[in-house]
Amino acid sequence: VEEVLVKFIFAKPKIEAKDLIAALKKKSVPAKDTDPNDLGIFQETQKQFFNVVMRNVINGWGYEDRSKFVHACTGLEAIPYDVSQAVDGDKNNTFTIWIEFNGNETHGDEDLPVFHTCDNLIKLPFTAYDASGEKFLQKLNKFYDFGGTKGFNMK
């Protein structure tokens, strides 16, 4: 309980793009039947999505959209204050939101993102929405529409 309180007390009230980007880590879970010849193509698309598209999307969001995304991924309203200074390997000083490209539980670009707040995780299709920020934002909006909340700003 004390650790959770400390995280909230020392959290920034507004989530900066650089802090959210620093918290992101990528996982890739290919389907068991993925053709080894296609695996490299998928992984390059995922890398492009994670390193370029996701950063551009987050940088284009305002505080409200960044907060909404963090809340969807973690159930929290804020991220720890020191996330941008976290030391690799120091599990007590890092806050991670996992972006998982999953080939077993997703079926293609028509799938909506799946959020797991207990694991600070968002599962995306293995195809990474073809590294399209527009497709990603459309799917996030659709996800939020189902939940009855406003969608993300698509500037």
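Contact is defined here as heavy atoms within 4.5 Å. On this basis, residues 24 or more positions apart account for 65% of the contacts in the chain with a separation of 6 or more. The structure is a predicted model, in which local features need pLDDT of at least 70 and side-chain atom pairs count only at pLDDT 80 or more, while totals for chains, interfaces and linings use all residues. Residues are numbered from 1 along each chain as its sequence is written, and side-chain values use heavy atoms, with hydrogens and water left out.

Along the sequence the elements follow the pattern α-α-β-α-α-β-β-β-α. Of the 155 residues in the chain, 41% are buried, where buried means under 20% relative accessible area, exposed means over 50% and partly exposed lies in between (1.4 Å probe, protein chains only).

The packing of helix H3 on helix H5 was examined next. Two packed helices are described by the angle between their axes and the distance between the axes. Axes are lines fitted to C-alpha atoms, for helices over the stretch in contact, and angles run from 0 to 180 degrees between N-to-C directions. Helix H3 (residues 36-60) and helix H5 (residues 133-146) pack at an angle of about 60°, and their axes lie 10 Å apart. H3 is therefore oblique to H5; angles under 35 degrees count as roughly parallel, over 145 as roughly antiparallel, 65 to 115 as roughly perpendicular and the rest as oblique. The crossing of H3 and H5 is right-handed, a crossing being right-handed if the near helix is turned clockwise from the far one by less than a right angle and left-handed if anticlockwise. At this crossing, Phe 49, Val 53, Met 54 and Val 57 of H3 meet Gly 133, Phe 136 and Leu 137 of H5. By class, the contact of H3 with H5 comprises six nonpolar residues, one polar residue and no charged residues. In this classification Ala, Val, Leu, Ile, Met, Phe, Trp, Tyr, Cys and Pro count as nonpolar, Asp, Glu, Lys and Arg as charged, and the others, Gly among them, as polar.

H5 has 14 residues and reaches 20 Å from its first C-alpha to its last, close to the 20 Å expected at 1.5 Å a residue; the expected span of a helix is 1.5 Å times one less than its number of residues. The buried residues of H5 are Gly 133, Phe 136, Leu 137, Lys 139, Leu 140, Asn 141 and Tyr 144. The elements covering them include H3, helix H4 (63-74), strand S3 (114-116) and strand S4 (121-125).

For H4, the twelve residues should span 16 Å at 1.5 Å a residue, which agrees with the 16 Å between its end C-alpha atoms. H4 is mostly covered, with nine of its twelve residues buried; among them are Asp 65, Arg 66 and Lys 68, together with Phe 69 and Val 70. H4 is followed by Gly 75, whose phi is positive, near 80°.

Phe 49, which lies in H3, is buried, with a relative accessible area of 0%. Not counting residues up to four places away in sequence, Phe 49 touches Met 54, Phe 101, Leu 124, Ala 128, Ala 131, Ser 132 and Phe 136. Its C-alpha atom is separated by 7.9 Å from that of Asp 130, 81 residues apart along the chain. Leu 39, also placed in H3, counts as partly exposed at 25% relative accessibility. Leu 39 touches Pro 30, Thr 34 and Phe 126, with residues up to four places away in sequence not counted.

Most residues other than glycine have a negative phi, and most peptide bonds are trans. Ala 128, in the loop between S4 and H5, has a positive phi near 55° and is buried, with a relative accessible area of 0%. Asn 120, in the loop between S3 and S4, has a positive phi near 50° and is buried at 18% relative accessible area. Leaving aside neighbours within four places in sequence, Thr 96 is in contact with Asn 120, as well as with Ala 23 and Lys 25. Thr 96 lies in the loop between H4 and strand S2 (97-102) and counts as buried at 17% relative accessibility.

Note on methods. Helix = DSSP H or I, 4+ residues; strand = E, 2+ residues; numbered from the N terminus.
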